[in-house]
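Trainee: I'd like to learn how to read a protein model. Can we go through one together, feature by feature?

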Amino acid sequence: MKKTLEQLKQKALGEIQRINDSEGLKNLETEYLGRKGKITKVLREIKDISEEMKPVIGKLANEIKIELTDAIKTADSKFSGKSSTDKGFFDPTLPGIRSAEGHLHPITQMLERIWDVFRSMNFDIVDGPEIENDYYNFQALNIPQDHPARDMQDTFYLKKEKNKSVGKYGELLLRTHTSSASQVRTMEKNKPPLRVIATGKCYRRDEDVSHTPMFHQFDGVAVDSDITFSDLKGTLHHAMREILEKDIKVRFRISYFPFVEPGAEFDVTCTICNGKGCPTCKNTGWLEMGGCGMIHPNVLKAAKYDPKKHQGFAFGFGIERPLMIKHKIADIRTLFENDARFLKQF
Ligand code: PHE
């Protein structure tokens, strides 16, 4: 048995000399010292030998194990560039190892741009909860229970607590738009005149190349005693030119949103083809950005404003859309896959 162990040791030491990478050393360690290793196997037979030989063999086996482990360690340190004798030596002339430098996610960069543009027009930035209740997401925005407009914004609901009635504010859900934050929530707490934008994550049950279940929006509101549709037009035209950093044209198409009257869809010239028509704009020369309009009197009333004295405009746009146009990103989902090779480009 003594002989077998000695032979195994010599064989292992010889192999260690010949191996030239860490991986090979690891395999060798398992081959000899692992649970099913060659040396371990021999040691299992120790129970069959005479009582007086047991301690002798046991000691030898331990020494061999230590010797092999040390030899493996020394060999391995060559591969990682460190030798066991140079611990503590620091060569200041060697070039340093640069740590990977990150930067803000393109969505955050876009958010900051939007904040800057609206701040320069005297808008305040407000926030609201992502877990919203039915009242602020729908009812206060003139969308009662069972209103067909709810179909456009199907969302995710939170589990109801057993035996608990939901009360005036209704069920909890993931907000479908930031209008819940910019409109009644903020208006309730502030008297007019008011100019705010709310930005953040929203959720809907949609998924394809241009929709993800989680996306971002910015939503704005201005209320005063003499606000007209031209103020809305001027504000949005200026803001979009600044955000996209291009001299674009804008157009308004009549549309329906329960919380505005009149309501409109807001388009900008397609920045990919400069209005000539291309697959991105479906050959129309225009890109749809979002909705807008004059705040509905019922929404003003929900915020305890007097529609006879005050009126205002509201608008709500996605953030991914202008970002995709600006950087010519084809698939929205790539923004949220966290692949550094993609994100590094921005
Ligand atoms: N909240 C609407 C949406 O998400 C957009 C909108 C906001 C329309 C404000 C009009 C006024 O589709």
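Mentor: Let's start with domains. This is a predicted model, and its chain is divided into domain 1, residues 2-78, and domain 2, which is made of 106-130 plus 177-343.

Trainee: How far apart are the C-alpha centres of domain 1 and domain 2?

Mentor: They lie 70 Å apart.

Trainee: Okay, now the ligand. Where does the ligand sit?

Mentor: You'll find the ligand in the largest pocket. Around the ligand there are 15 residues, and the closest are His177, Ser179, Arg204, Gln217 and Gly316.

Trainee: Which elements each supply at least two residues of that shell?

Mentor: Those are α7 (179-189), β5 (214-224), β8 (286-295) and β9 (311-318). Of the shell's residues, three come from β9, which gives the most.

Trainee: And how does the shell around the ligand split by class?

Mentor: Count six nonpolar, seven polar and two charged residues.

Trainee: How much of the ligand's accessible area does the protein cover?

Mentor: On its own the ligand has 320 Å² of accessible area, and the protein covers 93% of that. The general idea is handy elsewhere too: the size of an interface is often given as the accessible area lost when the parts come together.

Trainee: Which peptide bonds are cis here?

Mentor: One runs from proline 192 to proline 193, with omega near 0 degrees. Proline 193 is in the loop between α7 and β4 (194-203). Another cis bond joins glutamate 261 to proline 262, with omega near -5 degrees. Proline 262 belongs to strand β7, residues 260-269.

Trainee: And which residue has a positive phi although it is not a glycine?

Mentor: That's glutamate 245, with a phi of about 55 degrees. To find glutamate 245, go to the loop between α8 (229-244) and β6 (250-255).

Definitions and conventions:
Residues numbered from 1 in each chain as written. Predicted model: local features only at pLDDT ≥ 70, side-chain atom pairs only at ≥ 80, totals over all residues. Heavy atoms only, no water. Near = heavy atom within 4 Å. Areas by Shrake-Rupley, 256 points an atom, 1.4 Å probe, with all protein chains shown as cover. 1 Å grid on protein atoms, 1.4 Å probe; cavity = no way out; pocket = protein on both sides within 12 Å on 5 of 7 lines; lining within 4 Å. Sits in = over half its atoms within 2 Å of the grid points. Helix = DSSP H or I, 4+ residues; strand = E, 2+ residues; numbered from the N terminus. Nonpolar A, V, L, I, M, F, W, Y, C, P; charged D, E, K, R; others polar. Domains from an automatic or database assignment.
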